[in-house]
Amino acid sequence: TDEQLLIATTDDGMELGLYLDVSVLERLGRRCPLVALDESNLGDYCTALEGVSHFHYLTWSADCDRRVSLLELELQAEVDKYASALSLLLAQRGGRFPGELFQRLFEGCRLLPHLTAAERERYAEAHRCAARFCERLETRFLRRRQARPAALLAELRSFYRLGSHAKLRHALHFA
């Protein structure tokens with residue numbers, strides 16, 4: 001696998017490690033997404049960002065003494081990938097909205113064939129919920145006549161802090 005969050009429980013709590021395959025890091029080093037995020041590095045950027053999202057969300061939740069479901073972890077990573085790529089592209093394009101991003105992240109996605117049925121179901125559900133939420137974010141905060149980036153950021157922060165069941169409900173019913 002190109003990305004893996006490693007978790008070990010200890011008497012003192014837990015230990016975490018994030019594995020990113022060296023080939024992903026090398027490709028990102030040759031084609032830095034912070035300079036130019038495009039089709040050539042979007043996949044590797046999302047791979048790395050997913051691992052960082054998992055790591056950060058798990059440590060934040062542990063600090064809040066909250067349990068985290070695998071579905072919640074995947075849902076948050078899907079939203080984080082979209083929000084981060086959106087932010088980079090807006091900055092790199094002088095504020096011009098990247099209309100192709102949603103399609104690239106949510107409509108052209110395939111699950112890996114080696115996943116178990118339970119993993120496929122979890123990833124598909126996280127992907128579906130994140131797509132619905134991010135599509136509504138675009139409509140509400142970015143596609144209208146006047147974009148509202150501060151309100152978008154406030155919504156993303158609020159979503160981040162929601163617990164597992166509330167996060168799923170909000171992703172599906174956010175208007």
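## Exercises on helix packing and burial

At 1% relative accessibility, Val79 counts as buried (buried means under 20% relative accessible area, exposed over 50%, partly exposed in between, with a 1.4 Å probe and protein chains only). The model is predicted, so local features need pLDDT of at least 70 and side-chain atom pairs pLDDT 80 or more, while totals for chains, interfaces and linings use all residues. Residues are numbered from 1 along each chain as its sequence is written, and side-chain values use heavy atoms, without hydrogens and water.

### Exercise 1

Solution. 
- Step 1. Val79 sits in helix 3 (helices are DSSP runs of H or I with at least four residues, strands are E runs of at least two, and both are numbered from the N terminus).

### Exercise 2

Task: describe how helix 3 packs on helix 6.

Solution. 
- Step 1. Two packed helices are described by the angle between their axes and the distance between the axes.
- Step 2. For helix 3 (residues 70-92) and helix 6 (residues 149-161), the angle is about 160° and the axes are 11 Å apart. Axes are lines fitted to C-alpha atoms, for helices over the stretch in contact, and angles run from 0 to 180 degrees between N-to-C directions.
- Step 3. Helix 3 and helix 6 are therefore roughly antiparallel (under 35 degrees is roughly parallel, over 145 roughly antiparallel, 65 to 115 roughly perpendicular, the rest oblique).
- Step 4. Helix 3 passes helix 6 in a left-handed crossing (left-handed if the near helix is turned anticlockwise from the far one by less than a right angle, right-handed if clockwise).
- Step 5. Helix 3 contributes Leu75, Gln76, Val79, Asp80, Ala83 and Leu86; helix 6 contributes Leu152, Leu156, Phe159 and Tyr160.
- Step 6. By class, this contact of helix 3 with helix 6 holds eight nonpolar residues, one polar and one charged. Ala, Val, Leu, Ile, Met, Phe, Trp, Tyr, Cys and Pro count as nonpolar, Asp, Glu, Lys and Arg as charged, and the others, Gly among them, as polar.

### Exercise 3

Task: describe how helix 3 packs on helix 5.

Solution. 
- Step 1. The axes of helix 3 and helix 5 come within 8 Å and cross at roughly 40°.
- Step 2. This crossing of helix 3 and helix 5 is right-handed.
- Step 3. The helix 3 side includes Leu75, Val79, Tyr82 and Leu86, and the helix 5 side includes Ala126, Ala130, Phe133 and Cys134.
- Step 4. The contact of helix 3 with helix 5 has 13 nonpolar, one polar and five charged residues.
- Step 5. Check Ala83 against Cys134: their C-alpha atoms are 8.3 Å apart, across 51 residues of sequence. Ala83 lies in helix 3 and is buried, with a relative accessible area of 19%.

### Exercise 4

Task: describe how helix 1 meets helix 2.

Solution. 
- Step 1. The axes of helix 1 and helix 2 come within 10 Å and cross at roughly 125°.
- Step 2. Helix 1 and helix 2 are therefore oblique to each other.
- Step 3. The crossing of helix 1 past helix 2 is left-handed.
- Step 4. Val24, Arg27 and Leu28 of helix 1 meet Asp44, Tyr45, Thr47 and Ala48 of helix 2.
- Step 5. Four residues of the contact of helix 1 with helix 2 are nonpolar, one is polar and two are charged.

### Exercise 5

Task: find the residues with the most contacts inside the largest nonpolar core.

Solution. 
- Step 1. A nonpolar core is a set of buried Ala, Val, Leu, Ile, Met, Phe, Trp, Tyr and Cys residues joined through side-chain atoms within 4.5 Å.
- Step 2. The largest has 38 residues, and Leu75, Val79, Tyr82, Phe106, Phe133 and Leu137 have the most contacts inside it.
- Step 3. Elements giving two or more residues to this core include helix 4 (100-107), helix 5 (117-142) and helix 7 (164-173).
- Step 4. Leu137 touches Leu142, Leu152, Glu155, Leu156 and Phe174, leaving out residues up to four places away in sequence.

### Exercise 6

Task: is Asp65 buried or exposed?

Solution. 
- Step 1. Asp65 is in the loop between helix 2 and helix 3.
- Step 2. Its relative accessibility is 73%, so Asp65 counts as exposed.
- Step 3. Most residues other than glycine have a negative phi. Asp65 is not a glycine, yet its phi is positive, about 60°.

Definitions and conventions
Contact means heavy atoms within 4.5 Å.
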